[in-house]
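Thank you all for making time this morning. I would like to walk through one protein model, moving from a single residue out to the whole chain and back again, and I will give the cut-offs as the terms come up.

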Amino acid sequence: MIDRRLQTLRVLRERGTVTAAAEALHLTPSTVSQQLRQLARDLGVELLEAQGRRVRLTPAAHTVLRHADLLSAQWERARADLAEHRSGTSGQVRFCSVSSALAALVAPAAALLRAEHPGLAVHMAEKDSGDAAHLLLSHRADIAVVIPSEQVPGPDDARFTRTTLLDEPQDLLVPAGHPLASGGAARLADAAGEAWIGCPDRPDQHHLLLSACAAAGYVPRVEHEANEWFAVSSLVARGFGVALVPRLAPLPPEDRAVRVPLRGGAVPKRRLIACVRRGGEGAPPIARGLDALRRVIGRRDTMGNSRQ
(Lines give C-alpha, C1' and ligand atoms only; values in the text may rest on other atoms or scores of the structure.)
Protein backbone atom coordinates (compact mmCIF):
# COMPACT_ATOMS: atom_id res chain seq x y z
CA MET A 1 0.00 0.00 0.00
CA ILE A 2 1.05 3.62 -0.53
CA ASP A 3 2.41 5.37 2.56
CA ARG A 4 -0.55 7.26 4.02
CA ARG A 5 1.79 10.15 4.85
CA LEU A 6 2.24 10.75 1.13
CA GLN A 7 -1.53 11.02 0.85
CA THR A 8 -1.50 13.56 3.67
CA LEU A 9 1.08 15.62 1.80
CA ARG A 10 -1.02 15.46 -1.37
CA VAL A 11 -4.12 16.68 0.46
CA LEU A 12 -2.11 19.49 2.08
CA ARG A 13 -1.04 20.66 -1.38
CA GLU A 14 -4.68 20.65 -2.47
CA ARG A 15 -6.17 22.33 0.62
CA GLY A 16 -3.39 24.81 1.35
CA THR A 17 -3.28 24.67 5.16
CA VAL A 18 -2.67 22.02 7.81
CA THR A 19 -6.07 22.76 9.36
CA ALA A 20 -7.93 22.34 6.07
CA ALA A 21 -6.00 19.17 5.24
CA ALA A 22 -6.82 17.75 8.68
CA GLU A 23 -10.50 18.51 8.15
CA ALA A 24 -10.51 16.79 4.75
CA LEU A 25 -8.76 13.71 6.17
CA HIS A 26 -10.80 13.60 9.40
CA LEU A 27 -7.62 13.98 11.43
CA THR A 28 -6.46 16.54 13.96
CA PRO A 29 -4.03 19.25 12.83
CA SER A 30 -1.44 17.90 15.25
CA THR A 31 -1.70 14.44 13.67
CA VAL A 32 -1.21 15.90 10.19
CA SER A 33 1.83 17.88 11.38
CA GLN A 34 3.29 14.81 13.09
CA GLN A 35 2.85 12.65 9.98
CA LEU A 36 4.61 15.22 7.81
CA ARG A 37 7.47 15.67 10.28
CA GLN A 38 7.97 11.88 10.35
CA LEU A 39 7.88 11.70 6.57
CA ALA A 40 10.46 14.50 6.32
CA ARG A 41 12.75 12.67 8.76
CA ASP A 42 12.42 9.38 6.89
CA LEU A 43 13.16 11.05 3.55
CA GLY A 44 15.95 13.22 4.93
CA VAL A 45 14.63 16.46 3.42
CA GLU A 46 12.61 19.45 4.57
CA LEU A 47 9.06 19.33 3.25
CA LEU A 48 7.53 22.45 4.79
CA GLU A 49 8.64 26.01 5.42
CA ALA A 50 6.94 28.41 7.80
CA GLN A 51 5.26 31.35 6.06
CA GLY A 52 3.67 33.50 8.73
CA ARG A 53 0.89 31.41 10.25
CA ARG A 54 0.81 29.15 7.22
CA VAL A 55 3.25 26.68 5.72
CA ARG A 56 4.71 26.46 2.24
CA LEU A 57 5.82 23.36 0.40
CA THR A 58 9.55 23.22 -0.29
CA PRO A 59 11.03 22.31 -3.68
CA ALA A 60 11.84 18.89 -2.19
CA ALA A 61 8.16 18.47 -1.27
CA HIS A 62 7.12 19.17 -4.85
CA THR A 63 9.60 16.54 -6.04
CA VAL A 64 8.12 14.03 -3.58
CA LEU A 65 4.62 14.93 -4.75
CA ARG A 66 5.44 14.29 -8.41
CA HIS A 67 6.47 10.76 -7.49
CA ALA A 68 3.53 10.38 -5.08
CA ASP A 69 1.09 11.20 -7.88
CA LEU A 70 2.63 8.50 -10.08
CA LEU A 71 2.63 5.99 -7.21
CA SER A 72 -0.99 6.76 -6.41
CA ALA A 73 -2.11 6.28 -10.00
CA GLN A 74 -0.23 2.98 -10.23
CA TRP A 75 -1.72 1.82 -6.93
CA GLU A 76 -5.22 2.60 -8.21
CA ARG A 77 -4.47 0.48 -11.30
CA ALA A 78 -3.17 -2.33 -9.07
CA ARG A 79 -6.36 -2.25 -7.01
CA ALA A 80 -8.41 -2.36 -10.20
CA ASP A 81 -6.44 -5.37 -11.48
CA LEU A 82 -6.85 -7.18 -8.15
CA ALA A 83 -10.57 -6.47 -8.17
CA GLU A 84 -10.85 -8.41 -11.42
CA HIS A 85 -9.80 -11.55 -9.49
CA ARG A 86 -12.70 -11.23 -7.07
CA SER A 87 -16.00 -12.85 -7.89
CA GLY A 88 -19.38 -11.18 -7.58
CA THR A 89 -20.35 -7.53 -7.79
CA SER A 90 -19.69 -6.34 -4.26
CA GLY A 91 -17.77 -3.21 -3.34
CA GLN A 92 -18.58 0.45 -3.06
CA VAL A 93 -18.75 3.48 -5.34
CA ARG A 94 -19.15 7.00 -3.97
CA PHE A 95 -20.42 9.86 -6.12
CA CYS A 96 -20.19 13.56 -5.46
CA SER A 97 -21.96 15.93 -7.82
CA VAL A 98 -23.35 19.39 -8.39
CA SER A 99 -27.03 19.51 -7.52
CA SER A 100 -28.63 19.53 -10.97
CA ALA A 101 -26.49 16.63 -12.20
CA LEU A 102 -27.12 14.73 -8.97
CA ALA A 103 -30.86 14.90 -9.58
CA ALA A 104 -30.85 14.27 -13.34
CA LEU A 105 -27.86 11.94 -13.87
CA VAL A 106 -26.33 10.53 -10.69
CA ALA A 107 -29.55 9.45 -8.96
CA PRO A 108 -30.82 7.57 -12.06
CA ALA A 109 -27.36 6.00 -12.49
CA ALA A 110 -27.39 4.90 -8.84
CA ALA A 111 -30.83 3.36 -9.37
CA LEU A 112 -29.46 1.37 -12.32
CA LEU A 113 -26.56 0.14 -10.19
CA ARG A 114 -28.88 -0.84 -7.36
CA ALA A 115 -31.07 -2.85 -9.74
CA GLU A 116 -28.24 -4.55 -11.64
CA HIS A 117 -25.64 -4.96 -8.88
CA PRO A 118 -27.48 -5.29 -5.54
CA GLY A 119 -24.26 -6.16 -3.75
CA LEU A 120 -22.64 -2.88 -4.76
CA ALA A 121 -22.98 -0.14 -2.13
CA VAL A 122 -23.64 3.28 -3.63
CA HIS A 123 -23.25 6.61 -1.80
CA MET A 124 -24.18 10.03 -3.21
CA ALA A 125 -23.37 13.52 -1.94
CA GLU A 126 -24.27 16.93 -3.32
CA LYS A 127 -21.07 18.98 -3.44
CA ASP A 128 -19.74 22.06 -5.21
CA SER A 129 -17.34 21.49 -8.10
CA GLY A 130 -14.54 23.12 -6.10
CA ASP A 131 -14.75 20.34 -3.48
CA ALA A 132 -14.16 17.53 -5.96
CA ALA A 133 -10.36 17.31 -5.86
CA HIS A 134 -9.95 16.96 -2.12
CA LEU A 135 -12.90 14.57 -1.86
CA LEU A 136 -11.31 12.31 -4.47
CA LEU A 137 -7.84 12.57 -2.95
CA SER A 138 -9.11 11.81 0.55
CA HIS A 139 -11.09 8.82 -0.83
CA ARG A 140 -14.38 10.31 0.32
CA ALA A 141 -15.56 10.15 -3.31
CA ASP A 142 -14.69 7.93 -6.26
CA ILE A 143 -16.53 9.73 -9.08
CA ALA A 144 -17.05 13.49 -9.11
CA VAL A 145 -19.56 14.95 -11.58
CA VAL A 146 -18.54 18.58 -11.90
CA ILE A 147 -18.44 21.68 -14.07
CA PRO A 148 -14.96 22.61 -15.37
CA SER A 149 -13.61 25.77 -13.78
CA GLU A 150 -10.44 27.16 -12.25
CA GLN A 151 -11.27 25.25 -9.05
CA VAL A 152 -11.54 21.90 -10.85
CA PRO A 153 -8.47 19.83 -11.83
CA GLY A 154 -7.47 20.54 -15.42
CA PRO A 155 -7.00 17.95 -18.18
CA ASP A 156 -3.24 17.94 -17.63
CA ASP A 157 -3.50 17.19 -13.88
CA ALA A 158 -1.63 13.90 -13.40
CA ARG A 159 -3.68 13.00 -10.33
CA PHE A 160 -7.02 12.59 -12.11
CA THR A 161 -8.70 11.22 -15.22
CA ARG A 162 -11.48 13.37 -16.71
CA THR A 163 -14.28 12.19 -18.98
CA THR A 164 -16.69 14.54 -20.73
CA LEU A 165 -20.26 13.47 -20.00
CA LEU A 166 -22.27 16.04 -21.94
CA ASP A 167 -22.46 19.61 -23.16
CA GLU A 168 -25.73 20.75 -21.64
CA PRO A 169 -27.71 23.48 -23.43
CA GLN A 170 -28.99 26.47 -21.52
CA ASP A 171 -32.62 27.54 -21.80
CA LEU A 172 -34.08 31.02 -21.47
CA LEU A 173 -36.54 31.11 -18.58
CA VAL A 174 -39.34 33.67 -18.97
CA PRO A 175 -42.68 34.30 -17.20
CA ALA A 176 -45.81 32.68 -18.61
CA GLY A 177 -47.43 35.08 -21.06
CA HIS A 178 -44.11 36.68 -22.01
CA PRO A 179 -43.84 37.40 -25.78
CA LEU A 180 -40.88 35.00 -26.06
CA ALA A 181 -42.84 32.16 -24.39
CA SER A 182 -45.02 31.45 -27.41
CA GLY A 183 -42.50 31.25 -30.24
CA GLY A 184 -41.13 27.77 -29.56
CA ALA A 185 -37.52 29.00 -29.57
CA ALA A 186 -35.72 32.32 -29.29
CA ARG A 187 -32.38 33.92 -29.93
CA LEU A 188 -30.48 35.25 -26.93
CA ALA A 189 -30.35 38.62 -28.69
CA ASP A 190 -34.16 38.76 -28.40
CA ALA A 191 -33.78 39.23 -24.63
CA ALA A 192 -31.35 42.17 -24.85
CA GLY A 193 -33.84 44.61 -23.33
CA GLU A 194 -34.92 42.38 -20.44
CA ALA A 195 -34.10 42.59 -16.76
CA TRP A 196 -32.09 39.53 -15.72
CA ILE A 197 -31.82 37.31 -12.68
CA GLY A 198 -28.12 36.66 -12.06
CA CYS A 199 -26.34 33.89 -10.11
CA PRO A 200 -23.20 35.59 -8.75
CA ASP A 201 -22.44 32.84 -6.23
CA ARG A 202 -22.40 30.29 -9.04
CA PRO A 203 -19.31 31.70 -10.83
CA ASP A 204 -19.47 29.23 -13.72
CA GLN A 205 -23.14 30.01 -14.39
CA HIS A 206 -22.74 33.77 -13.98
CA HIS A 207 -19.72 33.82 -16.30
CA LEU A 208 -21.71 31.80 -18.83
CA LEU A 209 -24.51 34.39 -18.74
CA LEU A 210 -22.12 37.30 -19.22
CA SER A 211 -20.11 35.65 -22.00
CA ALA A 212 -23.21 34.39 -23.84
CA CYS A 213 -24.86 37.81 -23.78
CA ALA A 214 -21.59 39.43 -24.87
CA ALA A 215 -21.50 37.05 -27.86
CA ALA A 216 -25.09 38.13 -28.60
CA GLY A 217 -24.00 41.78 -28.59
CA TYR A 218 -25.00 43.19 -25.21
CA VAL A 219 -24.35 43.30 -21.48
CA PRO A 220 -27.25 41.82 -19.47
CA ARG A 221 -28.99 44.19 -17.05
CA VAL A 222 -28.87 42.08 -13.89
CA GLU A 223 -31.44 43.50 -11.47
CA HIS A 224 -31.83 40.61 -9.02
CA GLU A 225 -29.62 37.80 -7.75
CA ALA A 226 -30.47 34.22 -6.76
CA ASN A 227 -28.44 31.04 -6.69
CA GLU A 228 -30.85 28.17 -6.10
CA TRP A 229 -32.86 27.21 -9.16
CA PHE A 230 -36.19 27.23 -7.29
CA ALA A 231 -35.48 30.81 -6.23
CA VAL A 232 -34.53 31.83 -9.77
CA SER A 233 -37.73 30.23 -11.05
CA SER A 234 -39.85 32.04 -8.46
CA LEU A 235 -38.43 35.44 -9.37
CA VAL A 236 -38.91 34.82 -13.08
CA ALA A 237 -42.46 33.51 -12.62
CA ARG A 238 -43.38 36.72 -10.78
CA GLY A 239 -42.07 38.93 -13.52
CA PHE A 240 -38.87 40.23 -11.96
CA GLY A 241 -36.72 39.25 -14.92
CA VAL A 242 -35.57 36.44 -17.18
CA ALA A 243 -32.76 33.96 -16.59
CA LEU A 244 -30.50 31.36 -18.16
CA VAL A 245 -31.06 27.90 -16.67
CA PRO A 246 -29.33 24.60 -17.47
CA ARG A 247 -31.45 22.02 -19.29
CA LEU A 248 -30.98 19.58 -16.39
CA ALA A 249 -31.91 22.02 -13.63
CA PRO A 250 -35.19 20.93 -11.96
CA LEU A 251 -37.73 23.74 -11.57
CA PRO A 252 -40.90 23.81 -9.44
CA PRO A 253 -43.79 22.76 -11.71
CA GLU A 254 -46.17 25.10 -9.90
CA ASP A 255 -44.22 28.20 -10.99
CA ARG A 256 -45.63 30.00 -14.00
CA ALA A 257 -42.26 30.09 -15.73
CA VAL A 258 -41.60 28.83 -19.24
CA ARG A 259 -38.38 27.29 -20.59
CA VAL A 260 -37.61 28.63 -24.05
CA PRO A 261 -34.98 26.71 -26.07
CA LEU A 262 -32.35 28.98 -27.59
CA ARG A 263 -31.44 28.91 -31.26
CA GLY A 264 -28.82 30.58 -33.40
CA GLY A 265 -25.08 30.34 -33.67
CA ALA A 266 -24.21 31.10 -30.05
CA VAL A 267 -26.36 28.78 -27.94
CA PRO A 268 -24.70 28.75 -24.49
CA LYS A 269 -23.83 25.33 -23.07
CA ARG A 270 -22.50 24.04 -19.79
CA ARG A 271 -20.06 21.12 -19.85
CA LEU A 272 -20.34 18.36 -17.27
CA ILE A 273 -17.41 16.03 -16.67
CA ALA A 274 -16.72 12.98 -14.54
CA CYS A 275 -13.45 13.08 -12.63
CA VAL A 276 -11.82 10.05 -10.95
CA ARG A 277 -8.45 9.32 -9.38
CA ARG A 278 -6.04 8.44 -12.17
CA GLY A 279 -5.71 4.69 -12.46
CA GLY A 280 -8.97 4.08 -10.61
CA GLU A 281 -11.20 4.15 -13.67
CA GLY A 282 -10.54 0.44 -14.21
CA ALA A 283 -11.75 -0.62 -10.76
CA PRO A 284 -15.03 -2.51 -11.31
CA PRO A 285 -17.20 -0.37 -8.98
CA ILE A 286 -15.94 2.86 -10.56
CA ALA A 287 -16.15 1.45 -14.09
CA ARG A 288 -19.74 0.38 -13.43
CA GLY A 289 -20.55 3.83 -12.06
CA LEU A 290 -19.15 5.57 -15.14
CA ASP A 291 -20.98 3.15 -17.43
CA ALA A 292 -24.26 3.81 -15.61
CA LEU A 293 -23.80 7.56 -16.07
CA ARG A 294 -23.21 7.10 -19.81
CA ARG A 295 -26.30 4.94 -20.16
CA VAL A 296 -28.47 7.50 -18.36
CA ILE A 297 -27.18 10.21 -20.70
CA GLY A 298 -27.82 7.95 -23.69
CA ARG A 299 -31.40 7.45 -22.61
CA ARG A 300 -31.89 11.18 -22.21
CA ASP A 301 -30.51 11.67 -25.73
CA THR A 302 -32.97 9.11 -27.08
CA MET A 303 -35.87 10.92 -25.39
CA GLY A 304 -34.77 14.27 -26.84
CA ASN A 305 -33.20 15.82 -23.73
CA SER A 306 -29.94 15.70 -25.58
CA ARG A 307 -26.43 16.91 -25.67
CA GLN A 308 -26.00 19.36 -28.51
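This is a predicted model: local features need pLDDT of at least 70, side-chain atom pairs count only at pLDDT 80 or more; totals for chains, interfaces and linings use all residues.

**A strand residue and its surroundings**

Let me begin with V93, which is buried at a relative accessible area of 0%, where buried means under 20% relative accessible area, exposed means over 50% and partly exposed lies in between, all with a 1.4 Å probe and protein chains only. Residues are numbered from 1 along each chain as its sequence is written, and side-chain values use heavy atoms, with hydrogens and water left out.

V93 sits in strand β3, residues 91–97; helices (H or I, at least four residues) and strands (E, at least two) are DSSP runs, numbered from the N terminus. If we set aside neighbours within four places in sequence, V93 is in contact, meaning heavy atoms within 4.5 Å, with L113, L120, A121, V122, H123, D142, I143, P285 and I286. For a sense of distance, P250 is 157 residues from V93 along the chain, and the two C-alpha atoms are separated by 25 Å.

**The whole chain**

Stepping back, the secondary structure comes to nine helices and eleven strands, and the C-alpha atoms fill a box of roughly 70 × 55 × 30 Å along the principal axes. The protein has 308 residues, of which 45% count as buried. Among contacts with a separation of 6 or more, 73% are between residues 24 or more positions apart.

The accessible surface is about 15200 Å², with 50% of it belonging to carbon and sulfur atoms; these areas come from the Shrake-Rupley method with a 1.4 Å probe, and for residues only the protein chains shown count as cover. As for charge, there are 39 positive and 33 negative side chains, and the centres of the two sets lie 3 Å apart. Here Lys and Arg count as positive and Asp and Glu as negative, with His and the chain ends not counted, and the charge is placed at NZ of Lys, CZ of Arg, CG of Asp or CD of Glu.

Which residues touch the most other members of the largest nonpolar core? They are L9 and A144, in a core of 32 residues, a nonpolar core being a set of buried Ala, Val, Leu, Ile, Met, Phe, Trp, Tyr and Cys residues joined through side-chain atoms within 4.5 Å. At least two residues of this core come from each of α1 (4–15), α2, α3, α4 (59–83), α6, β5 and β11 (269–277). Beyond residues up to four places away in sequence, A144 touches C96, A132, L136, I273, A274 and C275. There is also a second, separate core of 29 residues, which includes A80, V106, L112 and L272.

H26 is exposed, with a relative accessible area of 61%. H139 likewise has a positive phi of about 60 degrees although it is not a glycine, and its place is the loop between α6 (132–137) and β5 (143–146). H139, at 27% relative accessibility, counts as partly exposed.

**The cysteines**

How many disulfides does a search of the whole structure find? The search finds zero, a disulfide being a pair of cysteine sulfur atoms within 2.5 Å. C213 is in no disulfide either, and its nearest cysteine sulfur, that of C199, is 12 Å away. C213 is also buried, at 0% relative accessibility.

I will finish with P179, in the loop between β6 (160–175) and β7 (195–198), which is exposed at 68% relative accessibility. P179 and P148 are 31 residues apart in sequence, and their C-alpha atoms are 34 Å apart in space.
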